[in-house]
Every structure is written in C-alpha cells, then in structure tokens.
Amino acid sequence: MSSELKLVNITKKFEADTMNEKVALDHLSLTVKPGEFVTVLGSNGSGKSTMFNVILGSIFPDEGKIFLGGKDITKQKDYKRALNIGCLFQNPLRGTAPNLTIEENLALAYTRKASPSFFALNKKDSAYFREVLSTLGMGLEDRMKTKMGLLSGGQRQAASLLMATIAKPELLLLDEHTAALDPGAAQKVMELTKKIVEESKITTLMITHDMDYALEYGSRTIMLDAGKIVMDLTGNERKEMTTGRLAELFYGKSRRKKENGFS
C-alpha cells in the first residue's frame with residue numbers, strides 16, 4: 001500500500017564545524033502524497049543523493065524528521081526501512097545477487113516483506129514470476145533460470161525494477177536507473193517504470209538528468225540546489241514548461257554554483 005512521504009526541515013552537514021564543512025541538505029521540507037510520482041532534478045552536489053540516502057536510512061539527518069505513512073522513521077535502521085522502501089540504482093547489478101537466477105532474485109524480493117529470513121521457491125510462485133516477467137516484453141519469462149549477471153543491462157534493470165516493486169513497497173526510489181543504458185533499453189525500462197508505478201499506485205521519487213523524462217513522467221517535478229528545493233512544478237505550470245526552458249533553469253543554477261566556488 002502506497003504511503004505519504006514527508007520530510008520536515010531536514011539538514012545534513014558533512015565535516016561539520018571544520019573548514020571543509022559542506023551543507024548537503026539545508027532545512028529541506030517535502031511532502032509526497034500517496035501514489036504521487038515525482039521527478040527530481042539537480043546538478044552534482046545539489047543534495048539529490050543525500051536526500052535519497054537520508055530517506056533510505058543510509059545516513060541520518062543532523063536535524064529534522066522523516067515520516068512514511070505517518071510513522072516517524074527518522075532514526076529507524078536502514079534494513080528495517082528496506083521492508084517498505086524499494087530502490088533502484090544506476091548500476092544494473094546493485095541490489096541484486098548476480099550469481100543467483102532471475103527466479104531466485106525475485107523470490108528473495110517477494111518474500112522479504114513477509115519474513116526477511118524466509119526464502120522458498122514453489123510452483124505457484126514460479127508461475128506468478130513467469131506471468132509477471134511476460135508483461136515486460138523482453139523474453140525474460142523464458143530465462144528464469146539464467147543468472148542475473150548474464151543478462152544485458154536493460155534486462156537486468158527490468159528484472160531489478162520488478163524486484164524493487166514485487167512486494168508492493170510503500171515508497172519507490174529511482175536513482176538515475178536508466179543512465180547506464182543505451183537509448184532503446186532506457187526507453188523500454190522507462191515505459192515499464194510508468195506502467196508499474198501507475199498500476200500499483202506506488203509513491204515514487206525519480207532522480208534524472210534527462211529533461212524529457214523529468215517532464216514526461218509523473219505529475220510533479222522538483223529541482224534541488226544547494227540542499228534546498230528551488231523549483232516545484234505541478235499542474236498547468238508543468239504542462240506548459242518546455243525542456244528548453246527547464247534546461248536553462250537547470251544549467252543556469254549549475255553555472256552560478258560554479259561561479260560561487262562550488263563543484
């Protein structure tokens with residue numbers, strides 16, 4: 001069941017109180033409604049990855065609160081959050097077991113929410129996995145016994161996307177999950193992403209550097225700069241935004257950051 005994500009005044013500093021102090025998140029607040037699909041833009045160092053890591057529990061904020069489905073998860077361990085948060089990264093093999101088959105990887109993801117220590121394969125589950133894989137149109141249902149590490153990049157990301165969503169997470173985080181793929185494979189994975197998110201109504205945040213993707217997918221686009229949300233597009237404002245204008249805003253902020261001495 002999808003849930004509301006709420007970040008309240010999140011601040012995160014690295015090397016605090018030193019001459020190298022870096023404010024990665026600066027009193028950032030964000031509310032994502034249940035089932036909402038938000039695309040996230042920002043130059044390198046804008047705070048995108050830190051925001052994701054704070055949500056995942058990989059790092060804890062210095063200040064602020066994080067709520068998922070109304071529950072305060074600010075200090076919850078990352079392995080506990082993983083039961084309710086699906087995540088897909090740029091590296092097609094990250095978060096998967098490359099020496100296990102597609103079927104075995106799906107089984108691990110499918111059973112983790114019921115019991116993190118339970119692992120089993122049965123005919124009913126195998127039939128379900130085959131049925132789900134057949135919807136991808138990538139022939140993976142005929143390769144269920146193939147090890148994940150032997151798949152192409154696009155096939156791995158498609159299978160990884162199913163792993164991240166098959167247990168119906170409350171929240172899905174996509175961290176440039178098509179950036180390492182060729183254009184054709186990237187488009188297929190994005191179409192699959194849209195299909196899964198819309199059908200399952202999963203609350204989703206997707207980091208991207210692709211201006212077309214930022215406006216084409218989801219219903220809301222936000223831009224981070226210096227650890228703050230500096231743009232939040234929805235409704236007609238988003239529909240009327242062009243990729244050219246969005247690129248001007250994006251690269252304009254990146255250029256000003258470099259002029260001010262930030263990388």
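How exposed is Lys168, buried, partly exposed or exposed? Some notes on that and other points follow.

1. First, the ground rules. This is a predicted model, where local features need pLDDT of at least 70 and side-chain atom pairs count only at pLDDT 80 or more, while totals for chains, interfaces and linings use all residues. Residues are numbered from 1 along each chain as its sequence is written, and side-chain values use heavy atoms, with hydrogens and water left out.

2. On the opening question: Lys168 is partly exposed, at a relative accessible area of 42% (buried is under 20%, exposed is over 50%, partly exposed is in between, using a 1.4 Å probe and protein chains only). Lys168 sits in the loop between H5 and E7, and has a positive phi of about 55° despite not being a glycine. As background, most residues other than glycine have a negative phi.

3. Asp17 is another one to look at. Its phi is positive too, about 60°, and Asp17 is not a glycine. You'll find Asp17 in the loop between strand E1 (5-14) and strand E2 (22-32); helices (H or I, at least four residues) and strands (E, at least two) are DSSP runs numbered from the N terminus. With 76% relative accessibility, Asp17 counts as exposed.

4. Now the inside. The largest nonpolar core has 35 residues, and Leu106, Leu133 and Leu140 touch the most other members. (A nonpolar core is a set of buried Ala, Val, Leu, Ile, Met, Phe, Trp, Tyr and Cys residues joined through side-chain atoms within 4.5 Å.) At least two residues each come from helix H3 (102-111), helix H4 (123-134), helix H5 (153-165), strand E7 (171-175) and helix H6 (183-200). H6 gives the largest share of this core, 7 residues. Apart from it there is another core, of 25 residues, including Leu28, Leu56, Phe89 and Leu173.

5. Not counting residues up to four places away in sequence, Leu133 touches Ile102, Leu106, Leu140, Glu141, Met144 and Leu162 (contact means heavy atoms within 4.5 Å).

6. Next, H3 against H4. Their axes come within 10 Å and cross at roughly 105°; axes are lines fitted to C-alpha atoms, for helices over the stretch in contact, with angles from 0 to 180 degrees between N-to-C directions. H3 and H4 are therefore roughly perpendicular (65 to 115 degrees; under 35 is roughly parallel, over 145 roughly antiparallel, the rest oblique). On the H3 side the contact uses Ile102, Glu103, Leu106, Ala107 and Tyr110, and on the H4 side Asp125, Ser126, Tyr128, Phe129 and Leu133.

7. H5 and H6 pack at about 15°, axes 9 Å apart, and that makes H5 roughly parallel to H6. From H5, Gly154, Gln157, Ala158, Leu161, Leu162 and Thr165 meet Ala185, Val189, Leu192, Thr193 and Ile196 of H6.

8. Helix H1 (residues 48-56) has 7 of its 9 residues buried, so H1 is largely enclosed by the rest of the structure. Those buried residues are Lys48, Thr50, Met51, Phe52, Val54, Ile55 and Leu56. Just after H1, Gly57 takes a positive phi of about 90°.

9. Finally, Leu68, in strand E4 (residues 63-68). Leu68 is buried, with a relative accessible area of 7%. Leaving aside neighbours within four places in sequence, Leu68 is in contact with Ser3, Glu4, Leu5, Ile73, Asn84, Ile85, Glu170 and Leu171.
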